[in-house]
Amino acid sequence: MGADPEVVNLDNDRKVIHYTVATSETRSDKEGNLVKQTQWHRITSWNQGLNNFLPEKIKKGDLVYVEGKLNYRDYTDKQGVQRTRPEILQSKELRLTSFRCNQRESL
């Protein structure tokens, strides 16, 4: 995880959680050198069951497994430019390791 989860409180005691995770791939280039490519992904959780304890369970640096649906959200930025943001709508999560301890814990 790239940062601690961001919690957005909504009405009726509901909340949405946002955080980022990285995926990395290592491959050989044309010269045979190993090249590592890292991509960052925005994760959004609307699952109220997870959201009640997710911010306390996962923190920056944790290795997590996330399942969800790829979604594209359209928005207008501060300069008035129409943009599209890809995000993963989380349905399941498993914390694999933690920077705080080295044990598996299912959420």
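Reader: In this predicted model, is Asp77 buried or exposed?
Author: Asp77 lies in the loop between strand E4 (63–76) and strand E5 (82–97). Its relative accessibility is 14%, and a residue is called buried when that value is under 20%. Asp77 therefore counts as buried.

Reader: With which residue does the side chain of Asp77 make a polar contact?
Author: A polar contact needs a pair of N or O atoms within 3.5 Å. For the side chain of Asp77 such a pair is found at 2.7 Å, and the partner is the side chain of Arg83.

Reader: Is Asp62 buried or exposed, and which backbone nitrogen lies 2.8 Å from a polar atom of its side chain?
Author: Asp62 has its place in the loop between H2 and E4. Because its relative accessible area is 2%, Asp62 is buried. A polar atom of the Asp62 side chain lies 2.8 Å from a backbone nitrogen, and that nitrogen belongs to Lys59.

Reader: How many bridges join E1 to E2, and which residue in E2 is the bridge partner of Glu6?
Author: The strands E1 and E2 run antiparallel, and four bridges join them. Within this pairing Val7 stands opposite Ile17 in E2, while the bridge partner of Glu6 in E2 is His18.

Reader: Which residue takes a positive phi near 55° in the hairpin of E1 and E2?
Author: This hairpin has five residues between the strands. Asp13, in the loop between E1 and E2, has a positive phi of about 60° although it is not a glycine. The residue with a positive phi near 55°, which is likewise something other than glycine, is Asn12.

Reader: Are Asn12 and Asp13 buried or exposed?
Author: The cut-off that matters here is that exposed means over 50% relative accessible area. Asn12 has a relative accessibility of 68% and so counts as exposed. Asp13, because its relative accessible area is 75%, is also exposed.

Reader: In what sense do E2 and E3 pair, parallel or antiparallel, and over how many bridges?
Author: Some opposite residues can be named in this pairing: Val21 stands opposite His41 in E3, and the bridge partner of Thr26 in E3 is Lys36. The hairpin of E2 and E3 has five residues between the strands, and there Gly32 takes a positive phi near 90°. The sense of the pairing is antiparallel, and the number of bridges is twelve.

Reader: Do E3 and E5 run parallel or antiparallel, and which residue in E5 stands opposite Ile43?
Author: Two bridges join E3 to E5, and these strands run parallel. The residue in E5 that stands opposite Ile43 is Ile88.

Reader: What is the volume of the largest pocket, and which elements give two or more residues to its lining?
Author: The lining of the largest pocket includes Met1, Val21, His41, Ile43, Asp62 and Ile88. The volume of this pocket is about 160 Å³. The elements that give two or more residues to its lining are E2, strand E3 (34–45) and E4.

Reader: How is Lys57 classed by its accessible area, and what separates its C-alpha atom from that of Met1?
Author: Lys57 has its place in helix H2 (residues 54–57). It is partly exposed, because its relative accessible area is 32%. Although Lys57 and Met1 are 56 residues apart along the chain, their C-alpha atoms are separated by 12 Å.

Reader: Is Lys36 buried or exposed, and how far apart in space are Lys36 and Gly68?
Author: Lys36 is found in strand E3, and since its relative accessibility is 60%, Lys36 counts as exposed. Lys36 and Gly68 are 32 residues apart in sequence, and from C-alpha to C-alpha their distance in space is 25 Å.

Reader: How many aromatic pairs does a search of the whole structure find, and over which ring does the charged end of Arg85 sit?
Author: A pair of aromatic rings needs centres within 6.5 Å, and the search of the whole structure finds zero such pairs. A ring does, however, take part in another arrangement, in which the charged end of Arg85 sits 5.1 Å from the ring centre, and that ring belongs to Tyr75.

Definitions and conventions. Residues numbered from 1 in each chain as written. Predicted model: local features only at pLDDT ≥ 70, side-chain atom pairs only at ≥ 80, totals over all residues. Heavy atoms only, no water. Phe/Tyr/Trp six-rings, centres within 6.5 Å; stacked < 30°, edge-to-face > 60°. Lys NZ or Arg CZ within 6 Å of the ring centre and 35° of its normal. Buried < 20%, exposed > 50% of the residue type's maximum accessible area, 1.4 Å probe, protein only. Pairing = 2+ DSSP bridges. Polar contact = N/O pair within 3.5 Å; in protein donor to acceptor, adjacent residues only side chain to side chain. 1 Å grid on protein atoms, 1.4 Å probe; cavity = no way out; pocket = protein on both sides within 12 Å on 5 of 7 lines; lining within 4 Å. Points joined across faces, edges and corners; volume = space filled by probe spheres on them.
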